[in-house]
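My entries are set down by topic.

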Amino acid sequence: MTDSILHVVGARPNFMKAAPVWRAIAARRRPQVLVHTGQHYDASMSDVFFGQLGLPEPDVNLEVGSASHAVQTARIMTALEPVLLDRRPAMVMVYGDVNSTVAAALVAVKLGIHVAHVEAGLRSRDRTMPEEINRIVTDRVADVLYTPSPDADDNLAAEGVEPARVKLVGNVMIDTLLRLLPAADARWRETWAARCVSPFALVTLHRPSNVDEPATLERIVTALGDISRSVPLLFAVHPRTRERLASLDGRIDRRRVELLEPLGYLDFLALQQKAMFVITDSGGIQEESTVLGVPCITLRENTERPVTITMGTNVLVGRDMTRLCEEVQRVLRGERKPASVPPLWDGRASERIADHLVSIA
Ligand code: UD1
């Protein structure tokens, strides 16, 4: 066993969570190892984030790529095991709820290596979401559970998790957001200000429940077309969605709905903070928009981030396109939901993690 901290990242939303934790542990001079599973591999889904977020080149890339859930998870497990046997870290850090998270947690815990889960305790109570299964299993096996908000602590307590394993630290994604807002402002001025009409709204969609079923995606595209007649839309298209959208391409008025490649962190943040509102099914964007004070309309029936609704700017409309259009009209009329930033979403969550971690590992 060495005294190193080994971080496992794999998919886009992991990178902005791991970056501030990496920096905070580096400042405490602990040796660290970065493993990229290769779950996301396109430059626009992965490389661009490493540069912008200040993450170093990964020490190891498992290059697992895309596959079914079982195959992808198994590939990560098989490829990670020899790495952990070789490196023998004091702690494996896993982030969020993607397949790389659960796969790494399972491998480490079976080798008797301690696991810390950052963003623990979130629950949508929707077991049709692959992420919900990943969250439940990861929290079940991890030794240390770093939670972003009190609802997560309540969920873990209700599942019988011993309080000693749980530490409320706040939201690491917001550490990255607050640190990089000035750089995103600069990106806005340099790249986007001249080419965006004002106002505009920003769209992202990638959940299987919204994009995998052609009839559902068609209804969403029709609603976006209606909305775009009131306010032009910028749609940053995830690769998963791009394939599915191809058959609907003729239905999209490209003068009012601009389709963009997946954006890097700074470009997306630049657009998000200037948008009149966002329409999304992402988890992280519900949180970021709350901190930015930008209205967020979420195309999901449930959320594992309820604090963004009770305190923040988020509203859920499910797959009800009438409700989506009503919420947009509300924003256009200037009817803003009163909103505030949740406690501990203050830019210092990773410092709290690092302080705790070096005291136990
Ligand atoms: C994954 C996460 C999801 C997260 C999302 C953010 C799981 C179960 N899901 O979903 O929680 O919100 O990342 O993006 O881990 N693809 C590419 N290039 C890439 C990566 C993917 O073209 O670099 C395409 C492939 O066709 C692939 C599909 O996207 O089959 C889906 O990728 P996958 O990693 O399985 O899931 P995401 O939908 O990205």
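The entries below go from the ground rules to the cavity, the pocket and the ligand.

**Ground rules.** I noted that this is a predicted model, in which local features need pLDDT of at least 70 and side-chain atom pairs count only at pLDDT 80 or more, while totals for chains, interfaces and linings use all residues. Residues are numbered from 1 along each chain as its sequence is written, and side-chain values use heavy atoms, with hydrogens and water left out.

**Cavity.** I looked for cavities, a cavity being a set of points, on a 1 Å grid over the protein atoms alone, where a 1.4 Å probe fits but cannot get out, and I found one of 30 Å³ or more. The largest cavity holds about 40 Å³ of space, a volume being the space filled by probe spheres set on the grid points, which are joined across faces, edges and corners. Its lining residues (those with an atom within 4 Å of a point) include Tyr146, Pro148, Asn171 and Ile353. By class I read six nonpolar, three polar and one charged, where Ala, Val, Leu, Ile, Met, Phe, Trp, Tyr, Cys and Pro count as nonpolar, Asp, Glu, Lys and Arg as charged, and the others, Gly among them, as polar.

**Pocket.** I then turned to the largest pocket, a pocket being an open set with protein on both sides within 12 Å along at least five of seven lines, and I read about 1,100 Å³ of space for the largest one. Its lining has 49 residues, of which Arg12, His40, Met45, His206 and His238 are the closest to its centre. These lining residues divide into 21 nonpolar, 16 polar and 12 charged.

**Ligand.** I find the ligand in the largest pocket, a placement that requires more than half of its atoms to lie within 2 Å of the pocket's grid points. Around the ligand I list 19 residues, with Gln39, His40, Asn99, Glu131 and His206 the closest, each residue of this shell having a heavy atom within 4 Å of the ligand. The shell divides into five nonpolar, seven polar and seven charged residues, and α10 gives the largest share, three residues.

**Polar contacts.** I checked pairs of N or O atoms within 3.5 Å. A side-chain N or O atom of His40 is 2.8 Å from an oxygen atom of the ligand, and for His238 the corresponding distance is 2.9 Å. A polar side-chain atom of Glu243 lies 3.3 Å from a ligand oxygen atom. Taken alone the ligand exposes 740 Å², and the protein buries 87% of that, with areas from the Shrake-Rupley method and a 1.4 Å probe.

Methods:
Polar contact = N/O pair within 3.5 Å; in protein donor to acceptor, adjacent residues only side chain to side chain. Helix = DSSP H or I, 4+ residues; strand = E, 2+ residues; numbered from the N terminus.
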